[in-house]
Amino acid sequence: MESSDLNVIVARIQDPDPEIQFSALKTLHSFISSAQGSVGFKQQDLYDRIDEFAKIVENLDGDNKKYLYDLISVMNLFHNDQNILRFRLKGSFIPISEWGLQYVRKLVCCILDVINQKLEIEDYTSLIDPISEFLFHHNAEIEAIDFIFEVSFVSQKVEVSEGRNRSFAGDFVDLIFKYMDKDNEERITLYLEEMDRFYTIDNIMLKLYKNNPSKLLVYLLRLNRKSDAVEYVCSLSNTPYYRQCLFILARNNIYFKENDGETERILSNSFLSENFFDVASSLELLPSQKLEYIFKSLDKEKTEAAAIANALVHFAYCRDPVFFPSTDDYKVKQDLVDHLKANESISVLASVGLINSYSHEKVIEYYSSLIYEKASAGAILALTIASQRHHDLDFENINLLIPLLSSSKKNDVLAAMLGIAVLYSASSSQAAYDAVFPLLSSPDSEIALFAIFILGSIFAGTCDEGVITSCVDIYNEIKNDSSFCNLSVLGISLILMKHPEAVNCSFFSKLDNYTKILSFGLMNMGSGNPKIVDEILTDAFTGDTDALLESLGLISSCIVALGDGIATSLLDRICNSSLLLDSSHLRHVFPLCLALLYPSNPRSEVIDALEKSLSSGETDCNSLFSLGIVGAGTRSSRILRVFDTNYNNIYKDSRAVSALVISQGLINLGKGLFTLSPFYYEKTVIADKPIIGLLTVLFLFFDQTLFPDFSYLCYILSMSISPKYVSGYEGSCRVGKPVDIVGLTGKPNKLSGAVIHTLPIVLNTNERAEVNDEVLTSYIEDVLIKKDK
């Protein structure tokens with residue numbers, strides 16, 4: 001079409017006959033469509049005529065006027081952003097899909113420029129629905145969601161800040177669900193799950209998961225809404241998903257009274273023992289494991305560590321070569337067996353509880369006299385450890401522990417409090433509170449400080465002002481240089497866990513600097529917020545050097561990064577950089593930070609860093625134990641080689657040797673069937689009890705006095721031990737490394753390097769699985785129930 005033809009169109013648009021006008025507009029429409037997407041003579045002719053058309057349109061009426069407004073808007077595609085939006089708002093006669101993705105994206109940019117006050121204010125709300133519809137229907141769901149989020153923030157006038165504290169509630173959110181269908185639902189869900197890491201979109205996610213019971217339940221647990229989770233599961237009682245959701249509650253130690261026998265069996269975790277033995281038998285792991293590396297050069301100083309290591313290796317098997325030998329098992333020299341059995345220390349006696357985990361009746365049978373007649377602290381602690389996953393409805397265990405709290409022996413009192421923590425961490429139990437609270441006034445400062453920690457673990461994540469006030473008052477009165485002082489700081493901080501709003505509470509200002517900096521990390525646990533990390537590190541490293549404050553600052557920062565891949569990598573680099581400061585306290589805490597970031601996740605670069613840190617004599621013990629945590633349950637041959645290589649360098653150091661022996665037990669935890677990772681359901685949930693146990697055992701190594709003098713305190717790590725096997729039915733599945741497919745169109749593979757296995761299977765920390773059968777959960781973890789056809 002030549003320029004002269006365009007003159008004819010202009011003339012006919014100005015004709016008084018509306019039909020002639022409309023015919024000319026259709027011709028102009030065709031001309032614009034043919035010129036769109038290129039910059040040539042046609043486009044230039046249109047640019048030159050924009051002002052002329054802008055004057056002509058004012059003389060038209062009705063639909064013809066709207067029609068020309070739309071055409072002028074398109075003419076401005078590469079000319080004037082303000083006019084693109086303004087004329088489109090005046091027109092909106094032609095469907096927006098007529099002009100393609102380039103034009104729609106330009107409209108989106110114009111609207112965002114209005115939001116950011118780069119363009120004059122226009123009421124663009126009428127365009128939000130058609131733009132969203134176009135994007136959703138053209139495989140641009142990610143752009144559509146981003147657009148809806150931006151316009152919704154403005155409509156709600158919500159104060160915006162980076163990180164997950166950015167609140168979100170929008171007028172246009174329903175558009176996401178309006179245009180979601182079976183073809184784009186998975187892509188939308190994946191992207192919103194990723195967005196949920198940065199924005200508070202709880203209501204959106206709950207609505208998104210309403211037809212997916214397992215994801216909805218797990219999300220409620222992530223929000224720490226346990227009562228809502230129980231109520232939701234009860235509402236499913238007449239659906240096939242009920243039993244599957246019961247297994248999810250049981251895994252997270254959430255119990256409610258139910259008269260149905262099968263429901264009670266699941267919620268009380270009574271199924272664990274039978275399920276475990278079925279898996280261990282299927283994988284041919286029942287026979288005892290050889291333990292030469294543990295019993296090598298056994299002496300008095302290694303006895304307790306050897307007992308703990310033996311128990312870790314045979315966790316839940318109810319058989320081992322020392323206390324519960326079987327005729328076909330590996331044999332240990334009889335003098336070693338006699339030596340261990342003759343030792344009546346708390347650490348050795350309590351090891352029987354680990355061996356019989358999930359089977360507390362066997363502990364009662366084995367230690368009947370010691371428990372009920374002699375009230376042995378070690379035997380009672382063994383029973384407590386073995387029964388911690390079974391709900392203690394009759395308070396039988398706590399009734400056994402309470403008399404020990406008034407013992408004249410400090411170790412008995414500490415062991416009894418440890419047992420209460422193992423049973424009632426994160427439970428808000430009033431019975432446990434009544435038992436421990438009087439010890440806050442104990443004349444022994446170490447007992448009082450440990451009581452603060454125990455109360456903190458019981459009320460972890462409750463933000464209970466009364467408990468905090470009581471603990472802080474006692475702590476401020478008796479705080480000293482004792483190692484238990486650091487545990488009391490952890491206990492107070494645990495009460496504020498996962499409550500970022502607590503920073504505005506009146507009691508927060510009463511905390512000392514050490515408690516504040518650790519609390520701040522626990523309040524923002526798993527958020528991965530870089531601003532929080534920066535604030536913690538600034539507070540810790542600004543001003544005069546304070547070794548304890550800097551060490552707690554690094555640990556607190558790592559807590560913020562838990563479960564977030566990007567934040568974890570950031571903190572990994574920060575921790576490594578801290579070594580450049582050449583401070584002994586930072587070298588001392590560095591291995592513990594890596595252990596916290598990578599439990600049961602033996603990445604090669606992490607092992608390299610810990611092996612390198614072994615060259616410093618002052619960090620031998622922490623590095624050795626951290627290697628055990630990092631490789632727990634993985635049976636890592638590389639870490640075991642590191643232990644063998646360094647044994648000759650440390651064999652004269654009893655503390656380091658004890659740490660080495662326990663770490664060897666951790667590497668073979670449950671013969672590879674268990675993990676210390678607190679991350680459940682594809683790392684979406686940080687489970688309360690496992691993270692409390694992991695943090696506590698790392699604090700035992702925070703200084704040089706608690707280990708190995710109070711080695712039995714290491715049994716608090718039993719709270720962190722959880723199965724990593726997947727069971728429930730026999731069927732095939734694919735196991736591989738997860739692939740990030742957020743934002744990808746089509747149906748890309750979710751696993752790389754996948755290998756086909758038959759259930760039951762063992763899933764390591766960085767592995768995911770897909771089953772060929774339809775199951776009643778979206779998470780291929782723990783116990784699966786097959787969907788009926």
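Which residues do ring pairs link into a cluster? Select F276, F277, F315, Y317, Y358, F674 and Y725, and you have the cluster on screen.

Before going on, a word about what you have open. This is a predicted model, where local features need pLDDT of at least 70 and side-chain atom pairs count only at pLDDT 80 or more, while totals for chains, interfaces and linings use all residues. Residues are numbered from 1 along each chain as its sequence is written, and side-chain values use heavy atoms, with hydrogens and water left out.

**Stop 1: the rings**

A search of the whole structure turns up 27 aromatic pairs. Rings of Phe, Tyr and Trp (its six-membered ring) pair if their centres lie within 6.5 Å; planes under 30 degrees apart are stacked, over 60 edge-to-face, and the rest tilted.

Now pick F315 and Y358. Their ring centres sit 5.9 Å apart with the planes at 85°, so this pair is edge-to-face. F315 is in the loop between helix 18 (303–313) and helix 19 (334–342), and Y358 is in the loop between helix 20 (346–355) and helix 21 (360–366), so the pair ties together parts 43 residues apart in sequence. Helices here are DSSP runs (H or I, at least four residues), as are strands (E, at least two), numbered from the N terminus.

Are these two buried or exposed? F315 is buried, with a relative accessible area of 2%, and Y358 is buried too, at 4%. (Buried means under 20% relative accessible area, exposed over 50%, partly exposed in between, with a 1.4 Å probe and protein chains only.)

F674 belongs to strand 3 (residues 674–675), so its pairing with the loop residue Y358 ties together parts 316 residues apart in sequence.

**Stop 2: V352**

Next, click V352 in helix 20. V352 is buried, at 0% relative accessibility. Leaving aside neighbours within four places in sequence, V352 is in contact (heavy atoms within 4.5 Å) with F323, F324, V363, Y366, Y367 and A382.

**Stop 3: two helices**

Finally, select helix 29 (residues 483–495) and helix 30 (residues 513–523), whose axes come within 8 Å and cross at roughly 45°. That makes helix 29 oblique to helix 30. (Under 35 degrees is roughly parallel, over 145 roughly antiparallel, 65 to 115 roughly perpendicular, and the rest oblique; axes are lines fitted to C-alpha atoms, for helices over the stretch in contact, with angles from 0 to 180 degrees between N-to-C directions.) Show V489, L490, I492, S493 and L494 of helix 29 with Y514, T515, L518, S519 and L522 of helix 30 to see the contact.
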